[in-house]
Amino acid sequence: MQLSLIACSWIRRYTPLTTIFIGCVISIFLPANTSIASDTKYKQDLFSQDKELVIANSKAWKPFSYIDKYGEPQGMLVDFWKEYGRVNGVKVSFLLTDWNDSLQLVRQGKADLHAGLLWSESRDEYLNYLDGIVEIETQLFFSSSLLGTDVDTFLESGKLGVVAGGYEQSYVFQHFPEAEVVSYKNNEEMIQRAFAGDIKAFVADFQVANFYLYTSDSPVRFSPVKHLYTGLVRPAVREDSYHLQMELRQGLKNLSQVDLDRITAKWIHAETVYPKYLLPLTLFCIVIAVITYIVHLRRAVYMRTLALSALNEELNRLARTDELTGINNRRNFMEQLHKRCISDSSVLSLILFDIDHFKSINDNFGHPAGDKVIQDIVKRVSDVLPKQSIFARVGGEEFCVLITNLGVNEAEMVAKSVQNIVSSQSILVDNTDHDVTISLGAVHCGAKRVDAQKLINLADKLMYKAKSIGRDNYQFQALN
């Protein structure tokens, strides 16, 4: 019966109201031993030694996934899922193909999951997403021959390259309907055609485009000229793969943050933004400027330095903050949490909460309405937090707060205030009132050098306990 109740809790969180009712009725009448036997059998079938977890993704999405010259899968997402397999004792294999084909492999059940992609409304019809892995920034790139051209004017009628089936394609169709769109099977093909002169502008993820550009013979042939959006790369399974989604969520919790940071550092490193060619190229330009005393070249070097400085500031900001809310993102929060957990002087209070039935807001009123609800909740919660708090959005509708040097009673009062401030007043969006509540788990720890993952796991369990007893409440626990 316990597993059945857990299933109901999960169903209530991710499915509409009709499915919630059906799932809970089934859980009441199913015997406990039936649920346990079914769940055990599923785990055995899914992760037995002769069964592989088949993972699809793009074959030309450097540095995230690609096929090397030996025909082997490589990239950050490949290493991420290999680490998942190692930690959880699961065989993994990869099907890397063109972007659109990788989506169809998951949709048709030929692959168990997609290694990582952005959310879109069309994909949400047949995919269920897991927690995010890494943020990507997408830019409009111009050929050097277009530099100086008005960007907005070009987007009204210019020829623009995109990857077929990628989120960039749907974004361009929606925001730049007048542009002449040219679709390519993958990023590698698109950038090759750009170098061949077929197109003078394209839309691509910043990290991906720089990886290809700065491993080419002409690294400054194309440059970013307009930031379009920032998104979170998230694994996804087919919509009906509920058991697999649960297994993956549990397995992902077993991954060490240290190993995840190591994988990220291996692939997303400084040369992606500041390539090894930059210093020699800059020195060459300076030498030419000194020798020839050409004013134009001096100005070009100066403008290039300004552009790189502005880009560096923007990347630092994106690395720390959540684009939608302006508060800390998951990566920055985890870094701060680990620092304080190993401190000898910190007394820590950790709060974890998410928005109850948030998916129904997106489904019934659209994602713009959901975004406004998230922004309003962040503003309310920020107003009741102590000044020393570190507030972060760590998932789509999931948030964390870290507070140092509070007493037990003070910590519980903060948790209660956060829970109450959200439900105290409805949120008005487009003339519609939304009665929004949250479920919250809070942990107070007076011990020194506590394990960060232990704190997060305990807060997560308390949050799900709050959900299991009816939502719109908080659960608090103090550790010695």
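**Aromatic pairs and an enclosed cavity**

Both W61 and W99 are buried (under 20% relative accessible area with a 1.4 Å probe, protein chains only). The model is a predicted one, in which local features need pLDDT of at least 70 and side-chain atom pairs count only at pLDDT 80 or more, while totals for chains, interfaces and linings use all residues. Residues are numbered from 1 along each chain as its sequence is written, and side-chain values use heavy atoms, with hydrogens and water left out.

The structure contains 15 aromatic pairs (Phe, Tyr or Trp rings, the six-membered one for Trp, with centres within 6.5 Å). In one of them, the ring centres of W61 and W99 are 4.9 Å apart and the planes meet at 65°, so this pair counts as edge-to-face (planes over 60 degrees apart). Because W61 belongs to strand β2 (residues 60–61) and W99 to helix α5 (residues 99–107), the pair ties together parts 38 residues apart in sequence; strands are DSSP runs of E with at least two residues, and helices are runs of H or I with at least four. Elsewhere, F141, F195, F202 and F222 are linked into a cluster by ring pairs.

What about the space inside? Two cavities of 30 Å³ or more turn up in a search of the whole structure (sets of points on a 1 Å grid over the protein atoms alone where a 1.4 Å probe fits but cannot get out). The largest cavity holds about 110 Å³ of space, the volume being that filled by probe spheres set on the points. Its lining has 13 residues, and W61, W99, Y167, E168 and D205 are the closest to the centre (lining residues have an atom within 4 Å of a point).

Key: On a 1 Å grid over the protein atoms alone, a cavity is a set of points where a 1.4 Å probe fits but cannot get out, and a pocket is an open set with protein on both sides within 12 Å along at least five of seven lines; lining residues have an atom within 4 Å of a point. Rings of Phe, Tyr and Trp (its six-membered ring) pair if their centres lie within 6.5 Å; planes under 30 degrees apart count as stacked, over 60 as edge-to-face and the rest as tilted. Buried means under 20% relative accessible area, exposed over 50%, partly exposed in between (1.4 Å probe, protein chains only).
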